[in-house]
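Please read the following note with the sequence and the model side by side. It is written for a reader who is new to structural review.

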Amino acid sequence: MSFDLNHKFWVSTRKEIGQLIKKQNRLKKIQPPEDKAVSFKIFAELYVLYVELVDKLSFIYHNTFQVQKRALVRVLVENATQQLMQLKEELKDLEMSEYIYIDRALIARKLTPRDLVIWRSPQFLYRRPLDIQNIIADNRLYMNDVEKEEKAAQDWEPISEAVKLIQAHERARRARVYKSNIKYDKKKFLKVHQRKKINYKFTFKPDQAMSIPVKRTIFSADFLKADESCENLLKKDDAADIALDDEEDLDAIRNCAACKIQSWWRGYRTRKIVKIRKRFKKELYGMKKIRKLKRPNFKENSIMEMYKNEMLKKKLDEDFINLINDERTRLLQVRSPWMMEDISDHIRAWFKEFYDATGNFHPYPDPVKQGTVLVVIDETMTPMEFQESLGKKPLSKAEKKKLRDKEKKEKRKKKEKLKQLKIKEAKRRKKLRDAGIIDIGYELTASKQIENIEQTMQKYAKDWRNVDEYLNKNHDPIRDWVTDDELAKIHQEVRGLVDEYMRVEYELLREALAKDSNEKYKALKVKYPKKKKNKRKKKAKDMTGDRTLESLYRELKDAGIIEDIAHRDFDEFIADFNFVADDTRDEDGLTTLGPAKGDIKMVIQESMLGMGEFDVPKPKSLLLIGPLNSGKRLLCQIIASELNAVFMNLSPEKTYKYANDLKYFLHVILKVAKAFQPTIMYVEEAHRLFWKKIPPEAVEINPRLLGTSISSKILKPLKKNDKIVLVGTSNMPWAANGGIKRAFQKVLLIPKCDYGTSFLLWLEMMTENAPDDMKEYAYSALARVMQAYNSGDIADNVKQTLSIDRKMRLKNEALDPNEFLEYFLSKNEPPILPPEEKLMEKFNKWFGSSNKLQKLRKKYMAQKLAKASKKK
């Protein structure tokens, strides 16, 4: 992105942040709304505003290179993302569901549910250290030009093989056409026409003739037979046949012919324009699609481009650190002697001021109280106060102890008072929440994220008001700020040194004063700040301390634990949103219609935000449940691909080999996962790890091997900031014991296909698999008839039915919709049928007992029914 566009984008975003802050300040003053729907509406509007803000700020952050500005924008985008997730949690609590529907807020902003998707890859990717990324990228980051050419040649080899295969098929096709033409007309197509005047020169080596002369013949054959009905037109003499004497008649005939040609051309052109407009409208309405042309290695190239930008940012960071060090060295050489002299002069003047006013010297401030900084900030005693303190008797040890105890009691009382106020406030808010009332003003005032955003914008307005950002196209740091910061640090360090020297001078003055006054001299005790002892935790013994990370990575890759997955993005999980749920709310404001497949995609995207660069809350483990072929594994691959994560397959088929050395295996996968994060640990059919009863055919793979280790050995050592998530799938979660609910923090049920999802799926699959010249098809009818089938079943159906052989026969044999139905019913044994309602009820029942918000909704509905029955 250009510098100019980024600058304009930043200017407009600043204005939006200012408007958002004003709106929040107004909301902080409102009384808690008694209607739950009002609270939901306010939070929904704020959520939409924060989605737009996070989208823009993240884009600005990753295109900002100036070091000081980048740090400021990072604070904004991180706090805005955290506040966004906090608002989402509030909406979920009000909705008592993982899925929220805020269509009214979207309509007011002229947006659609797709605009709420805040996942932007690779903007939200976590940046690995460049050395670690270089291992994953096969040493491409630091390649020189020669190595890049060699690597490009290796990458071109599979493509060249594909080109040769296409060329071979094309030559075979031409040979078949030629053969058919010979059968049609042997006399014409068996004639060999040799080109004349061709000089043949064959040499084996320079200036050496070949031992056997070779003559090459070039054939030229016309595969199309001329149309006999048009042969007479070439021989016909127009002038002789017409033989018109009058030129006016000739002009009339010519004009008539021209008008005829023009009318036919205009009609053709108009029909073509109308056809294009119709196609555009259908594409706009989502009734028709254009086939996607996917660029090979597009995702990998974009990630490499991102890391190149990171290398530039790293260089700018290093230059900034060098600038700080150089400026510090310069200031120490140039300014520190004058600074020390100024500080010592100021302290001597303070000595003199007190001596002239009181005839004595003020106690020298201890280092534990920041030394003579207290003199600068005027927190020492005045001469009058000091004079009064001289007449007082020094306190005894008992009196000092009483004074300390009194101060401690007062502090305890204040703490207890504050604690009681907080408890009282929490009880008040809980009482309101139980009644469906949320104190919005308190929630916004207590939010640290909103406070950080306001303070950052105030700091920006103050510091950057005299800086013209547009002129800084080379991303140079602002030297004046570096100088000011280093001066402040050096001043603090130098003052500590000067205090040590001046303390000696202070004691000499006190000693001289004591001699003049014939008093006994007693040196004052100096209180230094206590040094914090670094408690060194005992590090666990590293079983692989003598090995490099690259060797451990290669070991897991060779064993098949780390898998290479093809790039998949969230667009490949074809699903539509539920556009009706917001209009089906009951008297309590809760939606009565379940989610669509597009809604679960959005929930997964938001759950994975914590895997990005910013610190956002995320679950440590996620379980996707649903019937076979509903897209669970596809979603796992999409998550790993979009995050550019290392994909570790911990399914029983992969891990049973490590039964004898499980401790070593767990140590290696955790060490590699933390070093190469972000990492996705994948378990296929995770219920097998917690099987109640192991089937005889599965005993060999020891499915329960990792079941007991997941919570204690894998999830427990992970910290909140670790970009590692355990993702599992299951089509029979009820076959597992209760350990599966403890192992997976978040459980999501993939719902059945609805009409919208089914229509999009048929439209997408037919567009990708059918030829371009195929006319419009009855997608709506197919979607309605086969709506209950899973998305994986429909995708397999289209790919198998529209095979290469069937595509070749499409022009002669039109595609019949019954062919798709036959695939399900007659071409498979047993026939493929949609999932039964009883099975989906079983999934819903298990999901209701394992998902936190679903259990909350069930409890609320049970209480509501109990109250209604009592009234009767």
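Predicted model: local features only at pLDDT ≥ 70, side-chain atom pairs only at ≥ 80, totals over all residues.

1. The protein chain has an average pLDDT of 82, and 87% of its residues score at least 70. Mean confidence is highest in strand 7 (residues 724–730), at 92, and lowest in helix 8 (residues 231–235), at 48.

2. Residues 212–228 call for caution: pLDDT stays under 50 throughout this stretch. The model has 26 contacts beyond four places in sequence for these residues.

3. Helix 18 (residues 479–516) has 38 residues, and its end C-alpha atoms lie 53 Å apart. This agrees with the 56 Å that the helix should span at 1.5 Å a residue. After helix 18 comes N518, with a positive phi near 55°.

4. A nonpolar patch on the surface consists of F280, L284, Y285 and M287, which together have about 490 Å² of accessible area. Of these, L284 belongs to helix 10 (residues 247–285). Its relative accessibility is 58%, so L284 counts as exposed, the cut-off being over 50%.

5. K110, in the loop between helix 4 (103–108) and helix 5 (130–136), has a positive phi of about 60°. K110 is exposed, at 77% relative accessible area. N702, in the loop between strand 6 and helix 24 (709–715), has a positive phi of about 45°. N702 is partly exposed, at 31%.

6. The peptide bond between Q677 and P678 is cis, with omega about 10°. P678 sits in the loop between helix 23 (662–675) and strand 6 (679–683).

Note on methods. Residues numbered from 1 in each chain as written. Heavy atoms only, no water. pLDDT = per-residue confidence, 0-100. Helix = DSSP H or I, 4+ residues; strand = E, 2+ residues; numbered from the N terminus. Contact = heavy atoms within 4.5 Å. Patch = residues over 30% accessible without salt bridge, like charges linked within 9 Å, V, L, I, M, F, W, Y side chains within 5 Å. Areas by Shrake-Rupley, 256 points an atom, 1.4 Å probe, with all protein chains shown as cover. Salt bridge = Lys/Arg side-chain N within 4 Å of Asp/Glu carboxyl O. Buried < 20%, exposed > 50% of the residue type's maximum accessible area, 1.4 Å probe, protein only. Expected span 1.5 Å × (residues − 1).
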